[in-house]
Amino acid sequence: MAKWVYGFGGGSAEGRAGDRNLLGGKGANLAEMCSLGLPVPPGFTITTDVCTHFYANGRAYPAELEGQVEAALDKVGEITGRGFGDPQKLLLVSVRSGSRASMPGMMDTVLNLGLNDDTVEALAAESGDPRFAYDSYRRFIQMYSNVVLGLDHENFEEILEDEKGRLGFELDTELSASQWQDVIARYKVKVEEELGKPFPQDPAEQLWGAIGAVFSSWMNHRAITYRRLHDIPESWGTAVNVQAMVFGNMGDTSATGVAFTRNPSTGEKALYGEFLVNAQGEDVVAGIRTPQNITEKARVEAGSDKPSLQKVMPEAFAQLVEIANTLEGHYRDMQDLEFTIERGTLWMLQTRSGKRTAKAALRIAAEMAGEGLISREEAVGRIEPQSLDQLLHPTIDPKAERNVIGIGLPASPGAATGEIVFSSDEAEEMKSAGRKVILVRVETSPEDIHGMHAAEGILTTRGGMTSHAAVVARGMGKPCVSGAGSLRVDYRTGTLLAMGQSFSKGDIITIDGGTGQVLKGSVAMLQPELSGDFASIMEWADQIRRMKVRTNAETPADARMARSFGAEGIGLCRTEHMFFEGDRIVAMREMILADTEKGRRVALDKLLPMQRSDFAELFEIMAGLPVTIRLLDPPLHEFLPKTEEEIAEVAAVMGVDEDKLRHRTDALHEFNPMLGHRGCRLAVSYPEIAEMQARAIFEAAVEAGRETGDPVVPEIMVPLVGMMKELDFVKARIDAVAAAVMEEAGARIDYLVGTMIELPRAAIRAHVIAEAAEFFSFGTNDLTQTTFGISRDDASSFLETYRHKGVIEQDPFVSLDIDGVGELVRMAAEKGRATRSDIKLGICGEHGGDPASIGFCEEVGLDYVSCSPFRVPIARLAAAQAAVHKSG
């Protein structure tokens, strides 16, 4: 017979801490605390398998469950000397959720279950405290009616506030037993009014109602949202924990509280938490009464005049300190504890690894390693890589009020406040005038680079997590919210419409790139700070990891920033981003408008010194570290004006005929530019472009090598290769230019020529392409697009629907699709190595900064990952964790 129920209590348990997948985190840890001999009220856990069965069978339970629950209840009664529903020796229970991943406050709890009109009198008689008994009964009616019967909590709060007002009371604790009886009578009337039937009196009916409510809460809106935000699979399910009640509301020798074995905000090694005298657990978090500090030190620091637990219940406090130390030592991690003191006796209700800020996580991990409690490898593994974003960008103060006017995708972390502007030129003008702006666009294009650079943050109404706005913003370290589809931008009237409100140029908004929220007005921020603990953890991570971490950078500012974050070279320099400023865009347009190769070469000669200077500076900053430069990739029409107004303006500046400019723009128009005349196809059609860029690279390498004394070995990357002959054609031009520059400079230049693998055909034919390519860099942004046949700029409109409906678990542009795109990467890596054993393999798409994708890169043995500058620390940490995981 299948076992659906596991008991604990009386110093033993049927489960252990390692059973969290079956018993949930709470159930597994209650069992573990029992096995450690700690004071835990007895109870039992209904497994997560029951939750799976519940949803797979039309919300029905396994046939054996009822009998197993009754047997477990009897066992609890035996340990406590009580009986469920027995008015002589009353056993009351709590019913709580407990998934394998901690989901604080997301699912439902019921306390004091088993009370009814008869048993409440038995509780009053046994406790000798009628006020406590009726307070417990009203709490049960309130909680059960909300959680199980579906009545709004406010129904009962209104009645209670009305009674307190009538009696002239401020606090719940001022009500007497008879006054609580009056409240209970009104509660019961309200339940019958709303539901057409009385509040349930049968304890067994109450219990099964609560068990069903907890299982049902796994699919409530807040739990679904929490799981989506924290990547917790729906299939895990929740367990249900039924436990004998202990009471913190039995007078002034009773209390309830929450404690952390270390400070969850700072990481300080000191017991931290709050408690309330004469209260139950929900009172501590409900904010109805102001909680008191646990330690005297914390009370003094907080300036509180309310006594600490250390002062009012010294014996229970001393026992709590001892248990906290035991649990932290046993679990070897900071613990989050829930406890109740019933008439001076301490009971432990929960322990779990405590949630903590990134700053606290670093300090706790570093200090625990220093204490010998954990190894350095474990310390590195304790830090959530994504959480480092908190340390690298300004974030919104958690205490700040948020007036949300829209929600998009959290495309680039950090928060920013500024005046709305709708064009990049406006952004630049206002920045130069010393004003802070948020660039608001329907979507951005490469021509918006200057405006994005000038803005504090970027907001777009279209585009996904790997749209132009998202990718560039991450590279710049700027906050970005993309795909905020509920917002409407009207360039003509210069307005942003959000939730029925209209915002104009100059109005203040705040964007939170960590949550995707758009907020009205300015909001208080917390500035980033990097501690010595950060440096220690990063140093240990670097000693552990195998893969190198490079950066995607094409500006000196980005390159220097990335170096400061520990980047070991440049894995992707997008040369097209260098062509959009000042004189460069003019020369670029002259080249595009030229009718002959000679005309194009004249324009390219103007660009040559600019490109050479750019590359030389990057080589000098990287000081001998590898630099991979991608030849021109986007289609040429991206460099030309779009609107009639822009065409007229550009024609006037360039001194060319408007019709000629318009005709050339029309001629270059493509129905699907992503699959059009771009990448190596441009180099085949116009080899003079690749030749100019190659010359700039080689001349810069000579110049930088002489300047720094560090030999420069440039890596030239040919984009969008699908056929061996394409690479052969372009590589021949590069080699010819290299030979010419070496002869002119009288210097030898070592260099590599490779390609981006961003087309399925290239992955399939990698063994052939590797005959010419000395390295592969997987451009997973485009490889994902071409594998799925999805445009990343348009995909956000339906990929979120796919997630909600369970078609996909993750946006494939955010975290690598291991089964499809990953299989192509694996295939290309194996085929490439089979042809060229020393081929260098890396990844330079946005996935290079995603921890889950980095884990896959370690698995297939890539040599490096490359990501935007602000994700370099995240990648360093994730690469170390991946190495530990693989070796383990």
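1. Met 499 is exposed, because its relative accessibility is 60%, and the cut-off for exposed is over 50%. This is a predicted model. Met 499 sits in the loop between strand 22 (495–498) and strand 23 (501–504). Check its backbone: phi is near 50 degrees, a positive value in a residue other than glycine. Most residues other than glycine have a negative phi.

2. Leu 720 also has a positive phi, near 60 degrees, and is not a glycine. Its loop runs between strand 30 (714–718) and helix 28 (724–745). Is Leu 720 buried or exposed? At 3% relative accessibility, Leu 720 counts as buried.

3. Now look at helix 2 (residues 48–56). Thr 48, Val 50, Cys 51 and Phe 54 are buried there. Seen down the axis of helix 2, these buried residues fall within an arc of 150 degrees, so they line one face of the helix. What do they pack against? The partners are helix 1 (20–35), strand 3 (43–46), helix 3 (65–80), helix 8 (203–217) and strand 8 (238–244). Just after helix 2 comes Gly 58, with a positive phi of about 60 degrees.

4. Gly 434 follows helix 17, and its phi is positive, near 85 degrees.

5. Strand 19 (residues 457–460) is covered on both faces. Gly 457 and Leu 459 are buried on one side, and Ile 458 and Thr 460 are buried on the other. The chain reaches strand 19 from strand 18 by way of helix 18 (residues 449–454), and this β-α-β crossover is right-handed.

6. Which strands pair with strand 19? Strand 18 (residues 437–441) runs parallel to strand 19, and four bridges join them. Here Leu 439 has Ile 458 as its bridge partner. Strand 20 (residues 480–482) also pairs with strand 19 in the parallel sense, over two bridges.

7. Ser 94 lies in strand 6 (residues 93–99). Why does Ser 94 count as buried? Its relative accessibility is 2%, and the cut-off for buried is under 20%. The side chains of Ser 94 and Arg 96 are joined by a polar contact of 3.0 Å. Beyond its neighbours within four places in sequence, Ser 94 is in contact with residues including Val 110, Leu 111, Asn 241 and Met 245.

8. In soluble globular proteins, nonpolar side chains tend to be buried together. The largest nonpolar core here has 107 residues, and Phe 619, Phe 698, Ile 734 and Phe 776 touch the most other members. Helix 27 (residues 687–708) gives the most to this core, with 11 residues. Leaving out residues up to four places away in sequence, Phe 619 touches Gly 624, Ile 697, Ala 700 and Pro 714, among others. A second, separate core has 64 residues, including Val 5, Phe 132, Ala 213 and Trp 218.

Definitions and conventions:
Residues numbered from 1 in each chain as written. Predicted model: local features only at pLDDT ≥ 70, side-chain atom pairs only at ≥ 80, totals over all residues. Heavy atoms only, no water. Buried < 20%, exposed > 50% of the residue type's maximum accessible area, 1.4 Å probe, protein only. Pairing = 2+ DSSP bridges. Right-handed = clockwise from strand over helix to strand, strands pointing away. Polar contact = N/O pair within 3.5 Å; in protein donor to acceptor, adjacent residues only side chain to side chain. Contact = heavy atoms within 4.5 Å. Core = buried A, V, L, I, M, F, W, Y, C linked by side-chain atoms within 4.5 Å. Arc of directions from axis to C-beta.
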